[in-house]
Amino acid sequence: MPQPQIKSQPQGKVRDALVIGAGFAGLYQVHLLRDRLGLDVQGIEAGDGVGGTWYWNRYPGARCDSESHNYCYMFSEEIYKQWTWSERYPGHDEIRRYINFVADTLDLKRSFEFSSRVVDATYDDSANTWTVKTDTGEIYVARYLITAVGCLSTANVPAIPGLETFKGRWEHTGSWPHEGVDFRGKRVGMIGTGSTGIQCAPVIAETAKQLTVFQRTANYSVPARNAPLPEAFKEKMRANYAALRQKMHASPGGHDYPISERSAHEFTPEQRQAMYEKAWEFGGLHFRGTFRDVVIDRAANETASDFIKAKIRSIVKDPATADKLADIDHGYSTKRPPIDTDYFETYNRDNVSLVCLRSDPIEAITPSGIKTKTGEHPLDIIVFATGYDAMTGPLLKLNIKGRNGLPLGDIWKSGPKSYLGIQMHGFPNLFTITGPGSPSVLTNMPVAVEQHAEWIADAIAHLRKTGSARMEPKPEAVEEWVQSVNEAAQATLLPHTPHSWYLGANIPGKPRMFMPYAGGMARYRKLCAEIAADSYRGFTLTG
């Protein structure tokens with residue numbers, strides 16, 4: 001069917017579709033739209049190369065917490081079998097090499113403008129186009145706009161008084177210098193003990209003269225047991241590609257390992273202890289799958305939480321330090337569950353100390369260090385491992401304005417509202433990959449990315465086939481989906497951790513709302529497919 005044409009003469013370079021971001025999501029979306037649908041696609045990327053979050057996250061110890069044979073594209077058996085991972089949990093260097101390998105194999109880089117940050121994206125209702133402006137002065141006009149900016153790409157540097165006076169060097173882990181940072185002989189202060197800080201601390205401590213960790217919230221962590229992959233394992237994964245892909249698609253979290261069907265209440269304390277010990281020795285995120293009810297039943301959760309707290313106390317030799325590290329005020333896996341390499345062991349080093357900010361809060365950053373309630377800590381380098389303005393932050397930074405100039409920030413002032421985490425009412429033909437309201441950060445991200453990008457490409461193909469010019473969700477569909485997201489969250493313990501970034505609690509003034517869909521990736525995939533098959537139920541498609 002003939003396609004509706006862009007009306008009037010647009011001011012800018014005309015494309016069929018624009019894709020913002022060159023990580024896993026942006027690259028695959030460009031491939032689908034350009035190579036499968038034959039569209040004229042323009043990708044826009046702030047960095048000078050591909051990689052997305054891995055382009056920016058090069059901090060010491062930066063490593064994926066999904067196993068390498070899962071943390072990759074699965075849409076192509078040929079690409080899957082051409083690449084060989086070296087470790088169980090790949091480091092940032094290896095992940096960037098992999099992403100570059102895929103981008104080069106599919107010749108995707110030629111479709112991107114690099115070193116170009118989007119500063120404005122505005123919808124023109126009369127022309128039914130999106131106009132996107134970049135900080136380089138480029139202007140693009142397209143019918144379809146797809147954001148692939150990631151969920152954890154907007155660094156959060158807390159507003160601590162005096163930072164501008166610090167005479168040493170400070171860095172945030174989310175925008176780490178490509179040349180690295182030399183810690184040799186330096187007094188280093190690291191703020192934050194989430195997943196990033198837990199990865200950073202052991203590596204920084206190896207060369208720093210002194211590492212002082214400023215702990216805002218004590219955290220659980222399970223050993224990763226990272227190691228080189230045996231050749232037999234690599235061969236097995238390549239030989240079982242189809243079965244592996246099916247397992248990942250059927251899993252709530254997008255991994256190939258199942259969540260146990262056993263309840264923690266079915267066993268004696270001695271039996272549970274033995275099961276947790278076995279999972280602890282195996283390491284990684286498998287630990288949270290020991291029992292099916294760890295994240296939905298408080299008593300079951302306490303069995304896992306207490307086990308890890310006891311492990312912390314057995315590893316850390318100084319009782320006072322162990323007490324601070326084990327003084328955890330939330331249940332295991334109700335926040336993002338870190339995995340580590342010798343994190344708790346690091347506190348047994350003579351050059352590492354811990355400051356608990358709940359009892360000894362930071363008052364200011366001074367020219368020579370960090371001043372807490374009990375005194376000043378002289379420092380040469382400050383590392384902010386303080387996370388991100390997650391999920392909504394990367395989208396709001398794009399300065400998106402929908403119909404009648406409505407800013408996205410205005411409709412999200414009480415929290416993000418979307419349909420399926422893919423579209424928002426009032427923003428026709430704008431699609432978000434792993435946006436708020438989708439499984440996103442609760443899953444193995446490449447699995448979520450592929451599902452989203454494929455669904456979006458199929459939707460655009462449907463629009464073109466039927467001659468439809470616009471697609472946006474109905475207001476009632478948005479409200480119903482927000483309710484579904486809330487209900488899925490309330491069926492778990494996840495929304496009951498008040499300081500979790502899943503709720504935006506790490507950003508002062510940010511609305512408190514549980515943002516990801518906690519119903520599981522497999523259930524979400526099935527629902528999205530049903531909606532598409534039912535003539536895109538809940539969406540308005542107009543010509």
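Student: Is V482 buried or exposed?
Tutor: V482 is buried, since its relative accessible area is 11% and anything under 20% counts as buried. Keep in mind that this is a predicted model.

Student: Okay, and where does V482 lie?
Tutor: In helix α15, which covers residues 475–490.

Student: What does V482 touch, leaving out residues up to four places away in sequence?
Tutor: With those left out, V482 touches K417, S418 and M513.

Student: How far apart are V482 and H69?
Tutor: In sequence they are 413 residues apart, and in space 33 Å, going from C-alpha to C-alpha.

Student: Let's switch to V141. Where's its place?
Tutor: V141 sits in strand β6, residues 139–147.

Student: And is V141 buried or exposed?
Tutor: V141 counts as buried, because its relative accessibility is 1%.

Student: What about V141 and A121, how far apart are they?
Tutor: They're 20 residues apart in sequence, and their C-alpha atoms are 9.6 Å apart in space.

Student: New topic: the largest nonpolar core. Which residues touch the most other members?
Tutor: Those are F24, L33, Y98, I146, L420 and W455, out of 71 residues in that core. Helix α14, residues 445–466, gives the most to this core, with 10 residues.

Student: Can we zoom in on F24? What does F24 touch, not counting residues up to four places away in sequence?
Tutor: F24 touches W54, Y71, C72, Y73, I95, Y98, I99, P446 and V449 on that count. There's also a second, separate core of 47 residues, and W176, Y220, I308 and A385 are among them.

Student: Now helices. At what angle do α9 and α10 pack?
Tutor: Helix α9 (residues 298–315) and helix α10 (residues 319–326) pack at about 155 degrees, and their axes are 8 Å apart. That angle makes α9 roughly antiparallel to α10, because angles over 145 degrees count that way.

Student: Is the crossing left-handed or right-handed?
Tutor: Right-handed, as α9 passes α10.

Student: Which residues meet there, in α9 and in α10?
Tutor: From α9 you have K309, I312 and R313, and they meet A322, D323, L325 and A326 from α10.

Student: How many of the residues in the α9 and α10 contact are nonpolar, polar or charged?
Tutor: That contact has 4 nonpolar and 3 charged residues, with no polar ones.

Methods. Residues are numbered from 1 along each chain as its sequence is written. This is a predicted model: local features need pLDDT of at least 70, side-chain atom pairs count only at pLDDT 80 or more; totals for chains, interfaces and linings use all residues. Side-chain values use heavy atoms; hydrogens and water are left out. A nonpolar core is a set of buried Ala, Val, Leu, Ile, Met, Phe, Trp, Tyr and Cys residues joined through side-chain atoms within 4.5 Å. Buried means under 20% relative accessible area, exposed over 50%, partly exposed in between (1.4 Å probe, protein chains only). Helices (H or I, at least four residues) and strands (E, at least two) are DSSP runs, numbered from the N terminus. Contact means heavy atoms within 4.5 Å. Axes are lines fitted to C-alpha atoms, for helices over the stretch in contact, and angles run from 0 to 180 degrees between N-to-C directions. Angles under 35 degrees count as roughly parallel, over 145 as roughly antiparallel, 65 to 115 as roughly perpendicular and the rest as oblique. A crossing is left-handed if the near helix is turned anticlockwise from the far one by less than a right angle, and right-handed if clockwise. Ala, Val, Leu, Ile, Met, Phe, Trp, Tyr, Cys and Pro count as nonpolar, Asp, Glu, Lys and Arg as charged, and the others, Gly among them, as polar.
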